[in-house]
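Please walk through the model below, from its overall layout down to single residues and backbone angles.

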Amino acid sequence: MPRRPPTATADVPSTAVEEPPLLSNAEIARILHEIGDILEVKGEVVYKTVAYHRAADEIARHPVEVARAYREGRPPTIPGVGKAIAEKLEELARTGRLAYYERLREEFPASLLALLEIPGVGPKTVKLLYEQLGIDSIEDLRRAAEAGRLRSLRGFSAKAEQSILAGIAALERRPGRMLLDRAATHVAAIEGALAGTPGLRRLVAAGSYRRRVETIGDLDLLAETDEPEAVVERVTTLPEVERVLGRGSHKASVVLRGGPQVDCMIMPPGAAGTYLVHFTGSKAHNVRLRARARDRGWSLSEHGFLRLGPDGEPLAGAEAELRTFATEAEVYGFLELPYIEPELREDRGEIEAALAGRLPRLVERSDLRGDLHCHSDWSDGVHDIATMAEAARRAGLEYIVLTDHTVSLAIARGLDPARFAAQRAVVAELNARYEAEERDGRIPPGGSPAGFRILHGCELEIRADGSLDLPGEVLAGFDLVVASLHVGRRQPRERLTARVLAAIRNPHVDVIAHPAGRIIGERDDLDLDWDAVFEAAAEAGTALELNGSPHRLDLSAERARQAVAAGCLLAIDSDAHRTTEFSHLDWGVSQARRGWVEATSVVNARSRAELLAWAAGKADRGG
DNA sequence: GCCGTTTTCGGCCCGACTGTTTTCAGTCG
């Protein structure tokens, strides 16, 4: 509901009541995280600080613009946001400021919080350093440590000074979060290096990587082994290791040269179930499982379930009772839950869905029969059409839609109608060859599906003025059209949204590629009215892409979930520009799974005939 | 500060490793 300006008087121009700029979800999350950090340093009860961090995380990934929603008087229900934080959001949305936050900032300088980033330095240490020595920045701390001034503090020694200096150095060299493909490369390298370690039965990469979170901080490896010492020894002496953070009988922590921290945990043979659950997380999911275990008289940890006594403490000594399981399915079963896929374990409703028997049947890579978005060297791809097609066929696909860029995207050497006509002839020739191979009974190389075909499409530019890059009669000649927006990204929300809506409603457009236009860690989402986008796409039957390129993953899992809930179809595409990039379909599928997507919502899980019928039907309906 | 298939109050997950404070607090995941 629009707010009425304060009682208007003739001498107050309307601009005087102009509203402050809207804070993004990321900005709100940053403020709440900072409040949580300050409260930690203050020594507030830990649950209060956790509450602020939790709310911040929820807001950061919330699909709706929280400040806008509050300002419009329809605050969304957000898990972890109760009365107190809701009031603060209200204030932030209306005024762009927060008095509570400003008071805390006066008490503790912002530079102080940077100290928390140093490995091994926590809130208690920061408080001590600030109150005893007045240290309020990393630079201050470095000087004090170098001058040997820390050892005067209780609990500090010369060794502690060295470890703080090492922590500061590590912080400065620390790479940011990794994209999924880079994490996968590290995992494969470590798996290779640990192969043949005596006693090692298996190695599982757990943690956020197993949940396929879009960016990964540390790697968590689980080793099921008969000889823990051998694994710990091997991990800590890998040639890629720059620094050993710790090593014990149950775990080893190392930092790889120019790479992430790797924690390797030991699982005793035959008891992997609770270890896998524990170290796959997320933390929020685990908390729910533990509460459920406790309700049933058991304490759950990575080691297994311990029977609780009447005092609520685990039974000890002769009475102690430990239940372990070999598989995760048995762990969930013990809690009277069906197995929950790793990608769902975020406490985003999966426990409730499991209890209600309503877990989704998540889409799998093997459900994909084609790829609706890939390029060749006719525009900005690396390989020629035949080579790309061959790679797609080896990847088990039944079809690809070749979607080179259209003419106005000059930087990608976009094609004009004449070039597209020439390309269509090449595609036809290749398809004729595939057909002949089948007729002659020749098995396609790699043993991939027979009946493989290339469909002809384009990646149609949505121009800055909102028009499309090719006229309708040219578009009508394609098997399928993927439209996307690369230019004029900074236009105001209304104009951007209008451009996308026009493309969605154009009967020749079948898919909107990478709808949010983000590059993870580099470029924010387009400022679109997402409700309007989803509504229009659902109504027009135009599919929204989940682009599997690891630096895009666009739609995000959260938006994909919203889109499907709004009745939209999705396309999971690779956007391959070279043969190796058809593997991006794996990342696209994993994000779709994080978004609770089922195969029935995915157009390229359909056969070629069904897909073509869908595209033709769309064009006809538009007339 | 949040939250409810026991609870609107009283909980809130649990353990490994480190350093050093010879019995534990701090940090981390």
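The centres of domain 2 and domain 5, taken over C-alpha atoms, are separated by 52 Å. These two belong to a division of chain A into domain 1 (25-106), domain 2 (110-172), domain 3 (178-267), domain 4 (273-355) and domain 5 (365-620); the bounds come from an automatic or database domain assignment. The model is predicted, so local features are given only at pLDDT of at least 70 and side-chain atom pairs only at pLDDT 80 or more, while totals for chains, interfaces and linings use all residues. Residues are numbered from 1 along each chain as its sequence is written, chains are lettered from A and ligands numbered from 1 in the order in which they are written, and side-chain values use heavy atoms, without hydrogens and water.

An open sheet is built from seven strands in the order S11-S12-S13-S14-S15-S16-S17, with parallel pairing. Its edge strands, S11 (370-374) and S17 (570-573), each pair on one side only. Strands here are DSSP runs of E with at least two residues, helices are runs of H or I with at least four, and both are numbered from the N terminus. Two strands count as paired if DSSP finds at least two bridges between them. Strands of a sheet pair through backbone hydrogen bonds, either parallel or antiparallel. Between strand S12 (residues 399-405) and strand S13 (residues 453-461), which run parallel, there are seven bridges. One bridge partner pair is leucine 402 with histidine 456 in S13.

How many disulfides does the model contain? The count is zero, where a disulfide is a pair of cysteine sulfur atoms within 2.5 Å. Cysteine 374 is in no disulfide, and the nearest cysteine sulfur, that of cysteine 458, is 13 Å away. Cysteine 458 is likewise in no disulfide, with the sulfur of cysteine 374 as its nearest, 13 Å away. Cysteine 374 is buried, with a relative accessible area of 0%, and cysteine 458 is buried with a value of 0%. Buried means under 20% relative accessible area, exposed means over 50%, and partly exposed lies in between (1.4 Å probe, protein chains only).

Most residues other than glycine have a negative phi, and most peptide bonds are trans. A cis peptide bond, with omega about -5°, joins glycine 281 and serine 282. Serine 282 is placed in the loop between helix H13 (272-280) and helix H14 (283-295). The bond from aspartate 554 to leucine 555 is also cis, with omega near 10°, and leucine 555 lies in the loop between strand S16 (543-547) and helix H22 (557-565).

Positive phi values occur at glutamate 336, near 55°, and at aspartate 347, near 55°; neither residue is a glycine. Glutamate 336 is in the loop between helix H15 (328-334) and helix H16 (350-355), and aspartate 347 is found in the loop between H15 and H16. Is each of these residues buried or exposed? Glutamate 336 is exposed, with a relative accessible area of 56%, whereas aspartate 347 is buried at 13%.
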